[in-house]
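Reader: Could you walk me through reading a few features, idea before example? I'd like to look at the model while we talk.

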Amino acid sequence: MKKLFSLTTAAIIAASVSLSAASYAGSVTTKGDTQVQLYGFTYAEFALDKQTANLPDISNMPQPDANASSSAFYKSTYNKMNSQAESWCARLGLNFKNKEENISGKIVGDFKGKSANGEGNFRIRQAWVGHKFNNFKVKIGQAYILEEMHSTISMASVGPAGFEFKMKRVPLVAFFTSFDAESANLQLSLAFEYSNNKAVSAGKDSVNTALSVDRYVFPTTAARAVLTFDTGFGAPAKVYGWGSLIPVYVSDKTTTKVSDNSERSYAFGVGVRLPVSVFKIGLNYHRTDGATGYSGLSDYKPSSYYLDDNVAIEKTTTNAYNINLVMKPTKPLSIGAEYDYVKFDNNIFSSDPEVETLIGSIKIKTTKVTMLGLEWRHMKAKNFDIVGAGDDNFSGDQIYAIYKYMF
């Protein structure tokens, strides 16, 4: 009993010292000369929605007009104003660094996890360790995928259609290196990511001929190149490209037509960020083949694979692009605008589904450690052929208010 009491007391004291040191931007030395730094933020997101899906969760898709004959697919209240709020994006993280061993690491969590009764539960977002060897680094654990380049200016917890990757963070093994020139830097990365069953999806369109991932025997292979260079117009510009190869085995729902068929999906993307004085311009494009998990629709997402006439396997391809502009007239104020577009193409569709999103945002740094964000979205979708819906060209609006305290 005494030993248990002593160990408990020691743990509380150690935790208190660690938290106190981190709160003052310091670090704590632990066994093995590893420095630990606590960081994170508290976060509150409020929204007013009209004609949007997935209530009460934040969404990036509009909803068709209400129709009593198809109430199983959407609610009659979707075409009225709805108020929402989220706070699970609040995060708590630890950075680790051991200079002697050239090792770094990170553990980050939030409260989006769901317990058995549906309440919020703490979950791990990132948990990885990095080993550095001269100009070469290896990262092992759960981390952001190479394909995720944070290509939207949206501050909301759910990004716009086309740029809200379903598999943002997965277990992976990644390799990094870089090359420096006089006024440029080139970063090269390669990773093996366990995201196959998220990148290739059965979707949410309730079509019986949709195929889903049965198994995969090799992880997604992803590569990325990022070139940063001086332009003389302001901060350095950035040009990047990425690609991924996603092998899977797919089956239909009854396994009578297609059972454990080997398929290879792929995706690639390019982008540029160009700062000019108080402006920052961003352009992004990506294409996928049999990998609709990159499309990021919160509702009515088409599947990656279908059976055409219950015989041939058909892939869904997507093309998505956006353009954004951010102006920073003063240090605490940022004003931004963005246009996003994504289109799905497959022979089994009567016409190709597509989604357009317009975004306007204002970000105000209220103090050195707090931020207020205001965002408006207008979303328009068409050609989704939703069963029972009399409206196949539908739109919705959202207004967000976000407040964040970073420590």
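Author: Asn95 is partly exposed, at a relative accessible area of 23%. Here buried means under 20% relative accessible area, exposed means over 50%, and partly exposed is in between (1.4 Å probe, protein chains only). Bear in mind that this is a predicted model: local features need pLDDT of at least 70, side-chain atom pairs count only at pLDDT 80 or more, and totals for chains, interfaces and linings use all residues. Residues are numbered from 1 along each chain as its sequence is written, and side-chain values use heavy atoms, with hydrogens and water left out.

Reader: Which residues is Asn95 in contact with, leaving aside its neighbours within four places in sequence?

Author: Contact means heavy atoms within 4.5 Å. For Asn95 the list is Gln35, Val36, Gln37, Tyr39, Gly105 and Lys106. Val36 is 59 residues away along the chain, yet the two C-alpha atoms are separated by 5.6 Å.

Reader: How many salt bridges are there?

Author: Side chains of opposite charge can pair when their charged atoms come close. The rule asks for a side-chain nitrogen of Lys or Arg within 4 Å of a carboxyl oxygen of Asp or Glu, and the count comes to seven.

Reader: Which residues are linked in a network of salt bridges?

Author: Asp110, Arg123 and Arg125. Arg123 meets Asp110 at 2.7 Å, N to O, while for Arg125 and Asp110 the closest N and O atoms are 3.2 Å apart.

Reader: Is Asp110 buried or exposed?

Author: Asp110 is buried, at 0% relative accessibility. Arg125 is buried too, at 5%, whereas Arg123 is partly exposed at 26%.
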